[in-house]
Amino acid sequence: MGKKTKKESDTPCKETFEPLPVESKTPATVVLLLNSPEEDIVAKACEAIHTYAEKGDENKVSLLGLGALEPLCRLISHNNKLVRCNAFMALGIMATNGDVKNALKKLDAIPSIIEKLSLEEDTVVHEFATLCLASLSVDFVCKVKIFDNKGLPPLIQLLSSPDPDVKKNSLEIIFNLVQDYQSRLVVHELGGIPPLLELLMSDFPVIQHLTLKTLQNVTLDKDTRKTFREVQGFEKLMDILNNKDFSDLHAEALNVVANCLSDSESVHLIHKDGGLKRLMEFVLTPSMPEIQSNTVKCIARVAQNSESRRLLHEQDVEKVLVELLSVADVSVRTSTCQAVAAMSFHLVSKDSFRDSGGVPAVVQLLSGETSALKEAATQALSNLTHKNQLNASAVYEAGGHEMLVQQLNESCPRTVASSAATLCNMAAQEIIRCSILSHGATEALVEPLKSTDTQVLINATMCLAVLACDAEARAELRRAGGLEPLVNLLRSHHKEVLHNACLAVKVCASDESTAVEMCKFGALEILQEISQSVNRRSGFSELAMISLLNSNLSVKYSLTGHLASTDTITPGFYDAGKARSGQRILTLEELSKQPVNQHRPVFLVNTATEETVDFPEETERQRNPSESGSRRDRRTPRKVKEGDKQKEEPQSDSPVEKPWTMMADVPLQILVNEAKASILPLNDEKEQYAALARLVSEAMGGAVEMEKMHEFPWMLHLSELKFQLQSNVVPIGLIQKGIYCHRALLYKCLADCIGMSCTLVRGEYNRAWNEVLFFSGTNDRHSSQPCRYIVDLMHQPGSLLGVNTPAALQYQSI
């Protein structure tokens, strides 16, 4: 660059110096002369070392090995001006070598070098002192030392040096330092912006490039940008951009412009002076891809502010961006997608992009060549479709939903997150949702549910919550193993992840099979823990809990001890007793596979027709109460013998485990049919409930006087049933001697089967009862008050006991 900047030679190391104006010609001797008491000899020795070091790295390393570095570091502070100059020349050249630089760090020479940067020193000292610091400043520790030793003030002063090498070296040091936030602030405070702008007009391209790179860093600070505006920095950048002779500077100049456009104040000022219009013209001017890409980045930076987006919209930026979506260079298309994403926060711009064909153009880029382009395209679509169903339809019509489903398996978290968000936006329309599901979206969401990226989890759970309103989607999620990772997300301490996971659980719990599966993975226990936490519980977690219980009445009854009249018992309901807080309630299959124990049986309700237990052929029930004994006999199960099974089943070399099936209950089916035949024809509502109570009582041993309850052999009967069935699970229809809890369950079951309404409430010590609601006092339901009654199933079957009356309270307690 300058006359003093010399290119190092690759000449190999020689054994001797070129002829020198000192008596000795060996490097070792010259190094020894650095300690001479005669200033003239020392100056000439330094000069000789400089000349020798210039010839290549091998010579520099050789001098390092001979111990030249330490005396040179001492001589840069010598009183003799010539000695100082020559010592700096030698040290500066040697410091460009990596080994010398590492050795120099250990000698802590930086404070001494900075001292010699004062304006009183010779230009040669400035040149080689800054050359030395430039080599050192690439190292983090050295940068800290330069900063701590007040190196920035003299370096900023040297930016105005008449010597181009001094400018270049000083600028390089400053550039290395301003990579750190603290140094950027100090450069601004020390008035470094004006001299930096002056260097933009330098005759040397290397200085111009370094200046732009430095400005790009310092203008990251808001206060610096304000000063930059005040000294017409933006105008000077635009002058460079409009000068074709400076085309090599355009890419870096645009990076600084992008920073300047971060503030709405800057945008307004630039817009007022016609800067935005000039920028729009510049972006469409054919140029190198890097320059075009950086120009679009400037637009994206402007679009970060709502007011700035409005100004860009007035300049028809949408049409410009749509044009750029089809250019050949991938970096330009990537930057353009980022700008589209930013502009899409402006509601009017969303429509403008659609009207100008921008939506299908972005969709095409989903299959782009690079992951960066895919990421930018999915982010653009996410923003375009947010609260805009017309754009969602446009993405669907362009086939974007299929590609977005595929991108749920991408490795880039941002791409996955944006894809899930876009699909969520689109799935609000049923026809689109069905098409999304047909391409395997539910299964594709399983892996994102296991992600460690927060945004992926937020968007994936929300997308799942929208898609899971479809029954087939829930079934697919079960088959794909997605319920377990979804339940695991209930443990998240991130508020939005937890809320969305609760919402997804609520939707998925719409059917019983999915709810049971989620309970199997501990969903209820986790939600119970959340309900006890002041910080984590919310309306979302409460909704998830309610939905889960309403679709899994067996668990609801175990946990709450109450089934409402709207809770309809269906085949597969079981009463496993009162659950302890925080204890997982086992599934019916798990309970069925346990070995027979001494604990309370599990009572099963199964009105399905498939039989897994053999019963006598006689199934007709007589309605004559006097034949109740024979009916009970016909309700006694006969366990299928293992030998009979072996005769019926073909022999196999290897045992094949049959899939578990629920135990049938033919007697219960008979009771349901009898209830339909005998109860429904009755005209009086109260009589229907009373008749049903008498039917239940008769099926479970008849009325028992309060005083003789201890004589009623219900416990022995249940033990016998467990032994006969070889199971802890007992179908409710097989119980011939039942008390409060068994009768209340059967009553609720039969009432639900024939369309009558009642509750089921669990009490203490095997007590349970059913509540029914009647209007009393007048036939006009609008003017009468409803009253609640407890149905007596035990002592005076069919009696209706007013809630909270002494008779009812006695029935509910021991």
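A salt bridge is counted here when a side-chain nitrogen of Lys or Arg lies within 4 Å of a carboxyl oxygen of Asp or Glu. By that criterion the structure holds 27 salt bridges. The model is predicted, so local features need pLDDT of at least 70 and side-chain atom pairs count only at pLDDT 80 or more, whereas totals for chains, interfaces and linings use all residues. Residues are numbered from 1 along each chain as its sequence is written, and side-chain values use heavy atoms, with hydrogens and water left out.

**The whole chain**

Helices (H or I, at least four residues) and strands (E, at least two) are DSSP runs, numbered from the N terminus. Of the 814 residues, 52% are buried; buried means under 20% relative accessible area, exposed over 50%, and partly exposed in between (1.4 Å probe, protein chains only). The protein exposes about 37,400 Å², of which carbon and sulfur atoms supply 50%; accessible areas come from the Shrake-Rupley method with a 1.4 Å probe, and for residues only the protein chains shown count as cover. Among contacts (heavy atoms within 4.5 Å) with a separation of 6 or more, 69% join residues 24 or more positions apart.

**Stop 1: the H5 and H7–H8 region**

Select Asp122 and Lys81, whose side chains meet in a salt bridge (3.7 Å, N to O). Asp122 lies in the loop between H7 and helix H8 (123–136) and Lys81 in helix H5 (residues 81–94), so the pair ties together parts that are 41 residues apart in sequence. Asp122 is partly exposed, at 24% relative accessible area, and Lys81 is also partly exposed, at 47%.

Next, select Ile113 in helix H7 (residues 110–115). Ile113 is buried, with a relative accessible area of 0%. Leaving aside residues up to four places away in sequence, Ile113 touches Ile76, Phe88, Ala129, Cys132 and Leu133.

**Stop 2: a surface patch and a covered helix**

Show Phe140, Val141 and Val144 as a surface: they make a nonpolar patch of about 270 Å². Patches are made of residues with over 30% relative accessible area and no salt bridge; like charges are joined within 9 Å, nonpolar side chains (Val, Leu, Ile, Met, Phe, Trp, Tyr) within 5 Å. Phe140 is in helix H9 (residues 140–148) and is exposed, with a relative accessible area of 54%.

Then move to helix H17 (residues 250–260), which is mostly covered, with ten of its eleven residues buried. The buried residues include His250, Glu252 and Asn259.

**Stop 3: Arg474 and Asp511**

Select Arg474 and Asp511, a salt bridge whose closest N and O atoms are 2.5 Å apart. Arg474 is in helix H33 (residues 471–479) and Asp511 in the loop between helix H35 (495–508) and helix H36 (512–520), 37 residues apart. Arg474 is buried at 8% relative accessibility, and Asp511 is buried at 17%.

**Stop 4: the sheet E2-E3-E4**

Select the open sheet of three strands in the order E2-E3-E4, where the pairing is mixed; two strands pair if DSSP finds at least two bridges between them. Strand E2 (573–575) and strand E4 (729–731) stand at the edges, each with a single partner strand, so one side of each is left without a neighbour in the sheet. Neighbouring strands are turned by 30° against each other on average, direction ignored; axes are lines fitted to C-alpha atoms, for helices over the stretch in contact, and angles run from 0 to 180 degrees between N-to-C directions.

E2 and strand E3 (residues 602–605) are antiparallel over three bridges, with Asp575 opposite Phe603. Helix H46 (residues 740–754) packs on the sheet, touching E2 and E3, and its direction makes about 15° with that of E3. On the other pairing, three bridges join E3 to E4 in the parallel sense, and Leu604 has Pro731 in E4 as its bridge partner. Both faces of E3 are covered: Val602 and Leu604 on one side and Phe603 and Val605 on the other are all buried.
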